[in-house]
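Hello,

Here is the structure for you to look over. My notes on its pockets follow below it.

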Amino acid sequence: MGNSTSNKQLQAIIDDLTALVKEKNCGPILIRLSWHDAGVFSTGKLTGGCPNAAMRFAEAGEGAFGANAGLPTVALDLLKPISEKYCPDVISNADLWTLAANVAIEVMGGPKIPTRFGRKDAASADESVESQVGRLPDGDKGCPHLREIFHPKGFDDKDIVALSGAHTVGAMHADRSGFEGKWTDDYLKFDNSYFTEMLSKKYEAETTAQGCPQNRNKESGTVMLISDLALLEDPFKQHVEAYAKDQSVFFEDFTKAWVKLQENGCTDLRDDL
Ligand code: HEM
């Protein structure tokens, strides 16, 4: 594919994704889709798990993981008109999910994330990782758990705080995770309000109807998970404070950690489609 044809096709996909995010306000779930595709990666006792769109196969493997509830259904239904138009001939599904998240972040006011291409799609559910356990984080656990999950992916404490800042957008759904509520007042704006609100609001512990423990700010109704408020412990807290104080520092650190996450375990990525 010549570069100019490829650039035109890339722009057409970006335009379609932009329209989708604006029309359906679905940016947050597209970010979560890319995060859970790439986030199973590990180099500890568990190995492998590069982004490969294995969640396309909803009946087994990653598509059936409890942690991915809502992704093979809601997120992939939203993307369907675009994936049917371009995948796999123009772009792989795994690259489309990566790009969709990055378009969503920018459309919602966040940083412009550079996307590279060349992720290979799983051919069946068999190319899933064995289990979510030890690979994807639980919201009802604290710092030791976050480190156990993120350090083997190549992320340090600061990266954990920066990446968690994605919860500045989106919501928890009772029928997906058992948690319920949005993290911030303006949950469709990608900014540093996750950090400013975490520091300024008071939270009270509660249990959802599904039996999941979380923390709610009574005045505004926003919610923080146990894993979110864990970031107020030392040595994580200094980064929460830095990101609350200066949004551009958050955007810069988030971009570095997020691109690394989206490219973890991938080889031979290229700048063009
Ligand atoms: C640090 C550990 C993390 C935990 C425990 C966690 C947990 C959760 C949970 C329980 C939900 C709610 C799912 C639902 O019910 O729909 C959620 C949603 C979300 N997560 Fe995380 N997450 C973590 C890290 C991340 C990271 C690293 C990102 C991306 C960089 C991310 C992005 C999102 C987004 C955007 C949503 C909203 C989805 C929507 O609105 O449908 N999370 N997360």
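In this predicted model, α4 is the top contributor to the lining of the second largest pocket, giving five residues. The span of α4 is 93-107. Another helix, α1 (3-24), supplies at least two residues of that lining. The second largest pocket holds about 250 Å³ of space. Its lining has 13 residues, and Ile14, Leu99, Glu106, Lys112 and Ile113 are the closest to the centre. By class, eight are nonpolar, three polar and two charged.

Now the largest pocket. Its space comes to about 1,000 Å³. The lining counts 39 residues. Nearest the centre of this pocket are Arg32, Trp35, His36, His167 and Trp183.

Which elements give two or more residues to the lining of the largest pocket? The helices are α2 (27-38), α3 (71-86), α5 (143-150), α6 (157-164), α8 (226-229) and α10 (247-263). The strand β3 (171-172) joins them. Of the elements, α2 gives the most, with six residues.

The lining of the largest pocket divides into 24 nonpolar, 11 polar and four charged residues. Both domains take part: domain 1 (3-134 + 259-263) and domain 2 (143-254) each provide at least three residues of this lining.

For a quick look, start with Arg32, Trp35 and His36, which are among the residues nearest the centre of the largest pocket. Then turn to Leu99 and Glu106, among those closest to the centre of the second largest pocket.

Best wishes

Notes
Residues are numbered from 1 along each chain as its sequence is written. This is a predicted model: local features need pLDDT of at least 70, side-chain atom pairs count only at pLDDT 80 or more; totals for chains, interfaces and linings use all residues. Side-chain values use heavy atoms; hydrogens and water are left out. On a 1 Å grid over the protein atoms alone, a cavity is a set of points where a 1.4 Å probe fits but cannot get out, and a pocket is an open set with protein on both sides within 12 Å along at least five of seven lines; lining residues have an atom within 4 Å of a point. Grid points are joined across faces, edges and corners, and a volume is the space filled by probe spheres set on the points. Helices (H or I, at least four residues) and strands (E, at least two) are DSSP runs, numbered from the N terminus. Ala, Val, Leu, Ile, Met, Phe, Trp, Tyr, Cys and Pro count as nonpolar, Asp, Glu, Lys and Arg as charged, and the others, Gly among them, as polar. Domain bounds come from an automatic or database domain assignment.
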